[in-house]
Amino acid sequence: MEKVAVVTGASSGIGLAISKMLVQQDFFVYGFGRTFCDSECFDNKFKSLFHQMVCDITDTKQLIDKLNIIRQQHSVELLVNNAGVGFYGPHETLNSTKIQQMVRTNLEAPMIITNILLRDLQKTKGTIVNISSVTATKSNTHGCVYGATKAGLTSFSHSLFDEVRKTGIKVINIQPDMTKTNLYRNADFTEDEDMLACLEPKEVADIIKYIIGCRDGLVISDVTLKPQFHRIKRKNNISK
C-alpha cells in the first residue's frame, strides 16, 4: 500500500532532510515550498518519490486548493508541519508585515493544513508531526513573536492529540534548539560553527524516523533536541 506524506518547508533545511528520510522509507512525499533548487542534485529515487508543491502557505486559497488536489489522488498517512519563519530584535523594531508573516506561517498555516487533512488522517490512523521550537517553553527577549507562535503550535499539538487520540491518530511535537538552517537569515546572529553548539537537520529527521517506526499504541508526544553547548554566533553585518 502506498504511503503518502505531506511536508511543508520542504525545499531546504529540516524539511528537506525529513523529505529525504521519508523517501528512503518509501514514502511518496508532497513537499510544499515557495521555491525549489535544481532537482539534478538529487538521486533518482528522490526525484521519483518527491513531488514539489510550489506554494505560499500563507495564501490560504492556494494552500487549500493544493491540498484538495492531493486528497483527490491519495490518502495521506503522515503530515509534517515544518515551515517556519523568524524575525528577531526588540518588539518595537518589528513591523506589522513581519508579525503577520510569523503568525500565519508558524501557527495559522499548520492549523489550516491539519484541519483540511484531519479526516483523511483519521481513516489511515496517521501521524501529525509539528516542528515547534525550544522557544515554546521559555521567555524569548528579542524573539517575542516567534516564541509566541511556537508556544501556540506546541499548545495546539497537545490539545489536538487529546482530541483525536481515540481515532488512532498520533500527534508529535518536536522542539529543536539551534539548527544549521537558514532560519536565522533575518537575525543579527546565527548558529555557531562548532557542531557541539548546534543541531543538524538530519538529526531532527532521524528522530522522526524513529518515532514513526514505533509500534502502534506507543506515542512519543514531545521531543526536545538540544546541542551540548548553548552558544550563538553574532553577525558583523545584517541587511534590514
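## Gly-147 in helix H5

Gly-147 lies in helix H5, residues 144-164. Helices here are DSSP runs of H or I with at least four residues, strands are runs of E with at least two, and both are numbered from the N terminus. The model is predicted: local features need pLDDT of at least 70, side-chain atom pairs count only at pLDDT 80 or more, and totals for chains, interfaces and linings use all residues. Residues are numbered from 1 along each chain as its sequence is written, and side-chain values use heavy atoms, with hydrogens and water left out.

Gly-147 is buried, at 4% relative accessible area. Buried means under 20%, exposed over 50%, and partly exposed in between, with a 1.4 Å probe and protein chains only. Setting aside residues up to four places away in sequence, Gly-147 touches Thr-135, Ala-136 and Asn-140. Contact means heavy atoms within 4.5 Å. Thr-58 is 89 residues from Gly-147 along the chain, and their C-alpha atoms are 19 Å apart.

## Helix H1

H1 has 12 residues. Its first and last C-alpha atoms are 17 Å apart, close to the expected 16 Å. That expected span is 1.5 Å times one less than the number of residues.

Nine of the 12 residues of H1 are buried, so the helix is largely enclosed by the rest of the structure. The buried residues are Ile-14, Gly-15, Leu-16, Ala-17, Ile-18, Ser-19, Met-21, Leu-22 and Val-23.

## H1 against H6

The axes of H1 and H6 (residues 201-212) come within 8 Å and cross at roughly 45°. H1 is therefore oblique to H6. Axes are lines fitted to C-alpha atoms, for helices over the stretch in contact, and angles run from 0 to 180 degrees between N-to-C directions. Under 35 degrees counts as roughly parallel, over 145 as roughly antiparallel, 65 to 115 as roughly perpendicular, and the rest as oblique. The crossing is right-handed. In a right-handed crossing the near helix is turned clockwise from the far one by less than a right angle, and in a left-handed one anticlockwise.

H1 contributes Gly-13, Ile-14, Ala-17, Ile-18, Met-21 and Leu-22 to the contact. H6 supplies Pro-201, Lys-202, Val-204, Ala-205, Ile-208, Lys-209 and Ile-212. By class, the contact of H1 with H6 has 10 nonpolar residues, one polar and two charged. Ala, Val, Leu, Ile, Met, Phe, Trp, Tyr, Cys and Pro count as nonpolar, Asp, Glu, Lys and Arg as charged, and the others, Gly among them, as polar.

## H3 against H4

H3 (residues 60-73) packs on H4 at about 30°, with the axes 11 Å apart. The two helices are therefore roughly parallel. H3 passes H4 in a right-handed crossing.

On H3, the contact residues are Thr-60, Leu-63, Ile-64, Leu-67, Asn-68 and Arg-71. They meet Arg-104, Glu-108, Ile-112, Ile-113, Ile-116, Leu-117 and Asp-120 of H4. The contact of H3 with H4 divides into seven nonpolar, two polar and four charged residues.

Most residues other than glycine have a negative phi. Asp-26 sits in the loop between H1 (13-24) and strand E2 (27-33). Asp-26 is partly exposed, at 48% relative accessible area.

Lys-125 also has a positive phi, about 50°, although it is not a glycine. Lys-125 lies in the loop between H4 (96-124) and strand E5 (127-131). At 57% relative accessibility, Lys-125 is exposed.
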